[in-house]
Amino acid sequence: MKHENICFSNLAERYLDSETIHGNRRSEAVTIITRRLIQRFGNLKLADVNWPVSISGMVRELKVDGDIFAAKRRKYSNAYINIYITTLNAMFRLANDSFGYAKPLPRTKKLPEPGRELYLKPAQITALCDHLPPLRASMVRFAFHTGLRNTTVRLLKWDQVETTGSKTVIEFYGTQMKNSKPFAAPLNRHAVELLRERKTVTEELEGTVGGSIPWVFAQSGRRLQDCRPLGRTGMCNDVWKRAVAAAGLPANTTFHTLRHSMATHHVKNGTDSTELLAVGGWRSIASVTRYLHVDVDHQHTVLERVAERV
């Protein structure tokens, strides 16, 4: 294949076949979106496309109508659209850096994500849980104590939970993590207690439906096939929005806000960035610092640590 004749579908397939910087396969979300991009841009040659115009048009479509190549049409959040953008950026970087494509390809700036500067105080999280059904309330508390994301909490399975002595961790493969890096998430005593509560619920439910339920946060049902996790958008649906409103929280409060909150409260209680990187599964210090939102009172507390008068 001549480098100047690379078509989009060939580039995309080669991108899926390549490994991440951590030596892992592409995540499920990235693979799904790459397949949709292949349907969208197909066999168009890279050199024949006005990429800034095409990407801008795609983003407008995704925000208003969703992806015409998805099984279900619904408008997407900026956070989800950013997966499309970062995937395209990665493919274009691969074309230029690894596949010998000489013509520079654009790097598209990600969209702003509402809620990135938002964090909740413990009393606010308690208020939110008070207005959520028990399953969702347990997931919220678990997410706050672990800093795990929506998908990793929703799809958490019992066989990922490992206990050695008094220490409990959750094991994740690289394909289960946003940064594609395997991770063992340590649990504090509050998270372990939540797991015990969920184990009791799961065992009672298994006795009712007559079968084994692999998920920690499975929904209740009369049949085994009904006892599955919430869907990708199921956590932050109308039930969530009503609870957010009833608790008096900002309307842009999302499940991911809990991860920001966990990081912020760690920093306010003395956890440094290196320690937070280890317990939260972030890729780099830069990834950690952009999530930290320390209020003015805490800033003054920090300044008073060195307050000797001169």
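Trainee: Is E13 buried, partly exposed or exposed in this predicted model?
Mentor: Buried requires under 20% relative accessible area, and exposed requires over 50%. E13 has a relative accessible area of 30%. That value falls in between, so E13 is partly exposed.

Trainee: Which residue forms a salt bridge with E13?
Mentor: The closest N and O atoms of the pair are 2.6 Å apart. E13 sits in helix α1 and its partner in helix α2, so the bridge ties together parts 22 residues apart in sequence.

Trainee: Which residues share one salt-bridge network with R40?
Mentor: R40 is buried, at 19% relative accessible area. Its salt bridge with E61 has closest N and O atoms 3.0 Å apart. That pair links helix α2 to helix α3, 21 residues apart. Through shared partners, the network joins R40 with E61 and D67.

Trainee: Which side chain joins that of R26 in a polar contact of 2.9 Å?
Mentor: R26 lies in the loop between α1 and α2. R26 is buried, with a relative accessible area of 17%. A polar atom of its side chain lies 3.3 Å from the backbone oxygen of Y15. The 2.9 Å contact is with the side chain of S18.

Trainee: Which element gives the most residues to the largest nonpolar core?
Mentor: This core has 42 residues, and V140, F142 and F255 have the most contacts inside it. Elements supplying at least two residues each include α5, β2 and α8. The top contributor, with 7 residues, is α6.

Notes. Residues numbered from 1 in each chain as written. Predicted model: local features only at pLDDT ≥ 70, side-chain atom pairs only at ≥ 80, totals over all residues. Heavy atoms only, no water. Helix = DSSP H or I, 4+ residues; strand = E, 2+ residues; numbered from the N terminus. Buried < 20%, exposed > 50% of the residue type's maximum accessible area, 1.4 Å probe, protein only. Polar contact = N/O pair within 3.5 Å; in protein donor to acceptor, adjacent residues only side chain to side chain. Core = buried A, V, L, I, M, F, W, Y, C linked by side-chain atoms within 4.5 Å. Salt bridge = Lys/Arg side-chain N within 4 Å of Asp/Glu carboxyl O.
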